[in-house]
Every structure is written in structure tokens, then in C-alpha cells.
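Trainee: Could you take me through this fold one feature at a time, giving me the general idea before the particular case?

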Amino acid sequence: MTAAFDRIRDRALAGGRSWRDRNVYFCLDEEPGTGTVLRYAQWTAWLEPDLELVRRDPRLFEILEPLIGRDIKQIINQLHWKPPGAKAEFGFHQDSRSRRPREAFRDLAKSYVQTGIAVDPQRAENGAVVIVPGSHRLGELPFDPERPSMHEALDKADLARLGVDPDSVVTLELDPGDVALWHVHTLHGSGPNTSSIDRRFYINGYVTAANCERGEWAFRDGAPCPLEGEQNLVHYEELYTNPGPMFVE
Ligand SMILES: O=C(O)CCC(=O)C(=O)O
């Protein structure tokens, strides 16, 4: 996975700007002192066979089946990369906010699981995910709909505003290969990388197939489904009208 991440980064940086080809998206950013970095990339499983295999690994199915069944689609395939010193924070949020259009995602609270695989060790110092345990029971919370979570500071005051104890936060300390799971209503975010090592995280989001109009098949009756053929509508609404390839702002 480390080698695959490196290849994706090199490919992304070679373009020099953020870039899209259908659902595949490279988001580049300027990091003070470092220069242009790959901040995150979406659906690179279409480009990298090693990442494609991981997204439908039978070991992931073993974790997912008791939660969301044997027929599973995938709606997130994303790598996040925080190099040493990166300010790339994610403010506290619930993933439910990003599951749009809402009518395409039925029975969200029971049908959806986000997974994150640690590529590097993940600790508070290098910007590991932090969560509020038990917050999935709070349902959908009234976040400011205009405020994104990406590029927002991880601020415990956001929790206090929601009536959640700011001291209840725990860091998901992971070692390479560990898989973290969280619910669509779990309050979570992550801070900057103040350490001297990278923080790379491979995020795959899954949903009970019968409850979602969007996404790519991951497991049909438990059998892994490779990515092949035409790409399906996931989150990029202009997939059919403006597929690229193209540079984007
Ligand atoms: O990579 C991170 O630190 C944040 C991940 C996250 O918040 C998400 O995928 O919803």
C-alpha cells in the first residue's frame, strides 16, 4: 500500500494541479515550507491494482457482513495524506452530512460503515482520527450546513456547542494494517501532523446495496467484485456530462 500511495502521489504531483478523470480525483494543495502536496485522492482504486484489491479484500467483508449484510456497494474510496508538518485538519463532523443526495441513501444509520486502514502508524502527533465514543447514538446533529469539515481546524469548542463533552474525545491509535470503523453519525475529525513522519490513511466507505442508488459493487453475496467497465455515479454529479480528464480548481 505504501508503494501504491507513492505511485499515486507521483502521478498526482506530475500534473501540477488538482485534476479529475470521471470519479478519479487528485486534490493538490500548497503546504507552507513544503510546496505542492497531494492532500487527498478519490477512487484511485481505478488506477492502482493493489489498492483495488484491498477495497474488496475478504478480510474487510468479514468485518462488514455482520453490520451491513452480504450485498455491499462502495461509496467512498479515498486516500488521505498528511506529510510531516501538514496543517491538513478535519474539523469535527458526522459523515451523514456528506451522504447526498439524501434520497439516494436510504436507512443511512443502519446501512453505512466507513473504514480506514492505517498505512503509517497513527498517533495524535501525526494527525490520527479522533472520535467521540458513543456519539453515533446522538443521531444527526445540527451542524452548520455551510461549513465544510475539510480544511477546518479540529476544535473542541465545536463539541461544546453541540452539547457534547469535549473531554470525551479519544484518539484512534492505529498501527499499519489496522482497520478502524465508524458509524455515519460518529463525531470525528483529525488534527495537524506535527510529527516527522507521514500520516497516510486509506478510507473505504460501504453501504448495504439495497439501500443505495449510488456506488460501485464491492461484494455480491459475499463475493468480491472488481472495479471494471463504466464508472458508476457516486458523488461526482457531472460524471456523465463533464467527465474530464481535466484540471480543476
Ligand atoms: O483522514 C482523516 O483524518 C479524516 C477522515 C474523515 O474524517 C472522514 O473520512 O470522514
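**Reading a helix, a sheet and a chain**

Mentor: The buried residues of α1 are A4, F5, I8, R9 and A12, where buried means that 20 or more other C-beta atoms lie within 10 Å of the residue's own, exposed means 12 or fewer, partly exposed lies in between, and C-beta atoms are placed from the backbone. They lie on the same side of α1 because they cover an arc of only 135° around the axis, the arc being that of the directions from the helix axis to the C-beta atoms. Please keep in mind that this is a predicted model, in which local features need pLDDT of at least 70 and side-chain atom pairs count only at pLDDT 80 or more, while totals for chains, interfaces and linings use all residues. Residues are numbered from 1 along each chain as its sequence is written.

Trainee: Which exposed residues does the face of α1 turned away from its buried side carry, and what covers the buried residues?

Mentor: That face carries T2, A3, D6, D10 and A14, whereas the cover over the buried residues includes β2 (24-31), β3 (35-42), α2 (49-55), β4 (72-82) and β11 (199-208). Helices (H or I, at least four residues) and strands (E, at least two) are DSSP runs, numbered from the N terminus. After α1 comes G16, whose phi is positive, near 80°.

Trainee: What is the strand order in the open sheet of 4 strands?

Mentor: Strands of a sheet pair through backbone hydrogen bonds, either parallel or antiparallel. Here the order is β5-β10-β7-β8, with antiparallel pairing, and two strands count as paired if DSSP finds at least two bridges between them. β5 (90-93) and β8 (170-171) stand at the edges with a single partner strand each, so one side of each is left without a neighbour in the sheet. Within this sheet, β7 (residues 129-131) and β10 (residues 188-190) pair over 3 bridges, and V130 has G189 in β10 as its bridge partner.

Trainee: How many residues lie between β12 and β13 in their hairpin?

Mentor: There are 2 residues between them, and D221 in the turn has a positive phi of about 45°. The strands β12 and β13 pair in the antiparallel sense over 2 bridges, with A223 in β13 as the bridge partner of R220. β12 (residues 216-220) also pairs with β4, again in the antiparallel sense, over 3 bridges, and Q74 has E216 in β12 as its bridge partner.

Trainee: What share of the 249 residues counts as buried?

Mentor: In the protein chain, 39% count as buried, and the chain has 5 helices and 14 strands.

Terms used. Contact = placed C-beta atoms within 7 Å.
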